[in-house]
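Thanks for making the time this morning. I would like to walk through one model with you, going from the overall layout down to a few individual residues.

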Amino acid sequence: MVEVRGRVVVVDAANVVGSRPDGWWRDRVGAARRLLSRLVLLQEQLEGVEIVVVLEGAARRAVAGEGAPDVGRVRVVLAEGSGDDTIVDVTAAAVAQVGPADDTTRSDHTNDAARSGDADDTGGAVAVGDADGAGGADGADGAVGSGGADGASGASGASGASGADDAVGSGGAGGVGGAGWVGRAGWGEVLVVTADRGLRGRVEAVGAGTTGPRWLLEQLDGLPG
C-alpha cells in the first residue's frame with residue numbers, strides 16, 4: 001500500500017487535527033491542508049524517514065481541487081472506509097518491510113485520551129501522491145477527527161488531545177529529525193502518531209511503536225515559518 005524507504009512515521013491526521021481545539025471542526029478540509037503543509041516542511045528536513053498521512057471522511061478533499069497543497073514527498077493515503085483500519089493496514093505493510101519495534105514498552109505515553117468515535121468500519125484506501133508530489137482525487141464527505149460524525153457538533157471531539165507525557169524535545173536527539181527516535185525503547189522503525197488507545201493497541205500488535213499527537217505537534221511548531 002505504501003512504498004517504504006527506511007524509517008516510517010504514520011500520522012493519524014484526524015486524531016492530530018482533533019487534538020487542538022482551534023476550530024478545526026468548522027473547516028475540516030482547511031485543517032487537514034494546514035497539517036499537510038506543515039508535514040511537507042518537516043519531510044523536507046528529514047533523510048531516510050518517510051511520513052505517511054492517513055486522511056478519512058471530509059478531510060480526504062484536502063488533496064483535491066483549488067487550494068490543495070503540494071504534498072511533496074509526504075505520502076497521503078485516503079481511507080475509503082475506516083481510518084483506523086487503513087492506518088493498521090498501512091502500518092502492517094511498513095513493518096513487514098522495515099521491521100517491528102522491540103518487545104519493551106511500545107507506547108511512549110499513557111495519559112492521553114482515546115477518540116470518542118470512529119468512521120464506518122468498512123476498510124479500504126486510495127494512495128495519493130508519490131515522490132514527486134502527484135495530486136489526488138476527491139473523497140466522499142464523512143466523519144473526520146476526534147468527534148466522529150461530520151458537522152459543527154464535532155467540536156466536542158477536540159477534547160481528544162494527546163497526553164501530557166508524550167512530549168519529546170523538538171530538534172533534539174528524541175525529535176523526529178534527530179538520531180535518537182529510532183533507538184528509543186518501544187518506537188522501533190515504524191512509529192504511529194495517535195492518541196486513540198484502541199488504535200495504538202492494534203498497531204502495536206503488528207509491530208509498530210506509538211506516540212501521541214503532542215510529540216508531532218512540537219516538531220511542527222518548531223519549524224520556521
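The protein chain has 6 helices and 6 strands, where helices (H or I, at least four residues) and strands (E, at least two) are DSSP runs numbered from the N terminus. Read from the N terminus on, the order of the elements is β-α-α-β-β-α-β-α-β-α-β-α.

Please keep in mind that this is a predicted model, in which local features need a pLDDT of at least 70 and side-chain atom pairs count only at pLDDT 80 or more, while totals for chains, interfaces and linings use all residues. Residues are numbered from 1 along each chain as its sequence is written, and side-chain values use heavy atoms, with hydrogens and water left out.

On confidence, pLDDT is the predictor's own score for each residue, from 0 to 100, and the protein chain averages 71, with 58% of the residues at 70 or above. Over residues 1–5 the pLDDT stays under 50, although the model gives this stretch 21 contacts beyond four places in sequence, a contact meaning heavy atoms within 4.5 Å. Residues 178–186 also have a pLDDT below 50, and there the model has 32 contacts beyond near neighbours in sequence. Where pLDDT is low, the predicted coordinates should not be read in detail.

Turning to the chain as a whole, 56% of its 225 residues count as buried; buried means under 20% relative accessible area, exposed over 50%, and partly exposed in between, with a 1.4 Å probe and protein chains only. Among contacts between residues at least 6 apart in sequence, 80% join residues at least 24 apart.

Why can strand β3 be described as largely enclosed by the rest of the structure? The reason is that 5 of the 5 residues of β3, residues 75–79, are buried. Arg75, Val77 and Ala79 point one way from the strand, whereas Val76 and Leu78 point the other way. Strand β2, residues 49–55, runs parallel to β3 and is joined to it by 4 bridges, and DSSP must find at least two bridges for two strands to pair. Valine 52 has arginine 75 of β3 as its bridge partner.

In the loop between β2 and β3 sits glycine 72, which is buried, with a relative accessible area of 17%. Its C-alpha is 8.4 Å from that of glutamate 44, and the two residues are 28 apart in sequence.

Helix α3, residues 83–98, has 16 residues and reaches 22 Å from its first C-alpha to its last, close to the 22 Å expected, that expectation being 1.5 Å times one less than the number of residues. Its buried residues include Ile87, Val88, Val90 and Val95. At the start of α3, a side-chain oxygen of serine 82 comes to within 3.3 Å of the backbone nitrogen of aspartate 84, and after the helix comes glycine 99, with a positive phi near 120°.

Finally, asparagine 15 lies in helix α1, residues 13–17, and is buried, with a relative accessible area of 0%. A polar atom of the asparagine 15 side chain lies 2.6 Å from the backbone nitrogen of alanine 195.

Definitions and conventions: Polar contact = N/O pair within 3.5 Å; in protein donor to acceptor, adjacent residues only side chain to side chain.
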